[in-house]
Amino acid sequence: MFDPTVFDNLKTVLEGAVYEYDLEGGFQITDRHDQVDLAHLSRHYSLTFQNVGSTVSGTIHLTNPEASWTGEVLENNDQALGCQLNLAFILPVTDIESQCSTLRFQMNKLWRHYKAQISQDISYTYSQPDPSYTNTIRIHLPDDIDESFIMDIPGLIQLSHQTLHTLESFT
């Protein structure tokens, strides 16, 4: 028997909360990744979700960096044992200047409780007659999280769902 790591505990609760939201019809899960990088001794877990029929998707990323994982496995209490939690929302945009400015305001308002750092990356496919732009909104929680964050996970999932609805009004 092994003692689960901080990452294992957070991943289990996060996965359960997102799948429960999916079962209740809150949104549908469209992709999932669970990766262990043995070269860098890190772990990454992500779940992608969207509302039915929507062009907006969201992804929750849980990452356990090398120092944290090795510190916990080797029981080195000198190293930080937290994980990183980030989100990304992808949506089409047509008026970059106007929409991105409004989106920045809306995201800062929605995510202010978490003191999140929010960025937007705009991309498009070159050589298309009528280029369509894609906005990837990245939400980075500035502090590492541990098991004390578990009680916040249902609220984070609900806020992610609210974010999907807010972003859908821009498409």
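Is Asp34 buried, exposed or partly exposed, and what is its relative accessible area? Asp34 is partly exposed, at 39%, where buried means under 20% relative accessible area, exposed over 50% and partly exposed in between, using a 1.4 Å probe and protein chains only.

Colleagues, the model is predicted: local features need pLDDT of at least 70, side-chain atom pairs count only at pLDDT 80 or more, and totals for chains, interfaces and linings use all residues. Residues are numbered from 1 along each chain as its sequence is written, and side-chain values use heavy atoms, with hydrogens and water left out.

My subject is the salt bridges, of which the structure holds four. The term denotes a side-chain nitrogen of Lys or Arg within 4 Å of a carboxyl oxygen of Asp or Glu.

I begin with Asp34, whose salt-bridge partner is Lys11, with 2.6 Å between the closest N and O atoms. This pair links distant parts of the chain, 23 residues apart: Asp34 in strand β1 (residues 28–37) and Lys11 in helix α1. Helices (H or I, at least four residues) and strands (E, at least two) are DSSP runs, numbered from the N terminus. Lys11 counts as buried, at 15% relative accessibility.

Next, Asp8 and Arg43 meet through their side chains in a salt bridge of 2.8 Å, N to O. Asp8 belongs to helix α1 (residues 6–23) and Arg43 to strand β2 (residues 42–50), so this pair ties together parts 35 residues apart in sequence. Asp8 is buried at 15% relative accessibility, and Arg43 is buried at 10%.

Finally, Glu15 and Arg32 form a salt bridge, their closest N and O atoms lying 3.5 Å apart.
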